[in-house]
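Here is a short report for a reader new to this structure.

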Amino acid sequence: MLNKNHPRYQSLVYRDKIVKAHENGILADSGMIAHGRGETFDYLIGEKTTYNSQNTIDVAACYFLTSKNPVLSVNGNTTALVSEEIAQLSDLLDIPVEINLYYRTPERIVNIEKVYRDLGVKNILGTDDDDFIDTPDLDGPRSPVSIEGIKKADLVFIPLEDGDRAEKLYALGKDIVNVDLNPLSRTAQTSTVTIVDNIVRVMPALIKSVEKYSDYDNSDLQEKIDKFNNNVNLDTAIHDIIKRFE
Ligand code: PTJ
């Protein structure tokens, strides 16, 4: 039983979700380490959505609304923390959820698929029944992608991962939206749009932003996209951290 008066109650709630997801065969063992790394960066950014992050979330919403075939790629950590919001966004935009795991096992795929199935997600890709094709120049279990999902997509949402997948997908001409508390990770550095913030704050804000911008003209969305520069965004995120030490 978690103590609601604990000064870090919210953080304990998320840890509890992570532990339960591990017990339920959703989270990879390394997912615990990844969560700890995220917590450290969250501490450094002040555990809040900065002005810069909110702007980046809005830019991400504009990308979702102007893309033809966006897809939400999910792993164990994303599922442990924000499966409900992933299901909501999938429903709002009518786009698929594709399971893509670094530590892929048939058991984890079944368990993660069940989470999204129970939340009513209609289009779940990346299960063992799917038709896959390898991502060029990418080794490992993240390489095979669904032909109807990531292969076809012009925009891929890849929260909470690091590695060379973002770079390889970007090289195929896809736009990549990433959520990573570490602005220095390879994925953060090679994505089209990197939201440097905690996924638990990002997802509700992203849903709100998609709702807000869905009334805008395409030209206004495109103007917001054109004004955005991910290098400037990452630089601002790093300086926001440095400012906290001054
Ligand atoms: O479920 P699988 O098998 O696909 O494995 C998933 C993990 C996360 C274990 C795997 O992708 C991995 O090892 O990732 P890394 O290299 O640890 O990268 C995860 C990134 O997510 C790190 O840069 C963390 O800072 C970041 N991160 C962790 N928790 C959060 C986060 N970013 C935003 N919000 C979080 N809550």
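## Loop residues

D137 sits in the loop between strand 4 (132-134) and strand 5 (144-146). Helices (H or I, at least four residues) and strands (E, at least two) are DSSP runs, numbered from the N terminus. This is a predicted model, in which local features need pLDDT of at least 70 and side-chain atom pairs count only at pLDDT 80 or more, while totals for chains, interfaces and linings use all residues. Residues are numbered from 1 along each chain as its sequence is written, and side-chain values use heavy atoms, with hydrogens and water left out.

D137 is not a glycine, yet its phi is positive, at about 65 degrees. D137 is exposed, with a relative accessible area of 68%. Here buried means under 20% relative accessible area, exposed over 50%, and partly exposed in between (1.4 Å probe, protein chains only).

E47 also has a positive phi, of about 50 degrees, although it is not a glycine. E47 belongs to the loop between helix 2 (29-45) and helix 3 (51-66). Its relative accessibility is 34%, so E47 counts as partly exposed.

| Residue | Phi | Loop between |
|---|---|---|
| E47 | about 50 degrees | helix 2 (29-45) and helix 3 (51-66) |
| D137 | about 65 degrees | strand 4 (132-134) and strand 5 (144-146) |

## The sheet

Six strands form an open sheet in the order 3-2-1-6-7-8. The pairing is parallel. Two strands pair if DSSP finds at least two bridges between them. Strand 3 (124-125) and strand 8 (193-195) stand at the edges; each has a single partner strand, so one side of each lacks a neighbour in the sheet.

Strand 1 (residues 70-74) pairs with strand 6 (residues 155-157) in the parallel sense, over three bridges. V71 has V156 of strand 6 as its bridge partner. For L72, the partner in strand 6 is F157. Strand 1 also pairs with strand 2 (residues 97-99), in the parallel sense and over three bridges. There, the bridge partner of L72 is V97.

How many of the five residues of strand 1 are buried? Five of the five are, and the strand is mostly covered. In a regular strand the side chains alternate between the two faces of the sheet. P70, L72 and V74 point one way from strand 1, while V71 and S73 point the other way.

## A helix residue

D91 lies in helix 4 (residues 76-93). With 52% relative accessibility, D91 counts as exposed. D91 and K122 are 31 residues apart in sequence, and their C-alpha atoms are 8.2 Å apart in space.

## The whole protein

The protein has ten helices and eight strands. Its radius of gyration is 17 Å, close to the 18 Å that the globule rule gives for 246 residues, so the protein is as compact as a globular protein of that length. That radius is taken over C-alpha atoms, and the rule is 2.2 Å times the number of residues to the power 0.38. Along the principal axes, the C-alpha atoms fill a box of roughly 50 × 50 × 35 Å.

Of the 246 residues, 50% count as buried. Among contacts (heavy atoms within 4.5 Å) between residues at least 6 apart in sequence, 64% join residues at least 24 apart.
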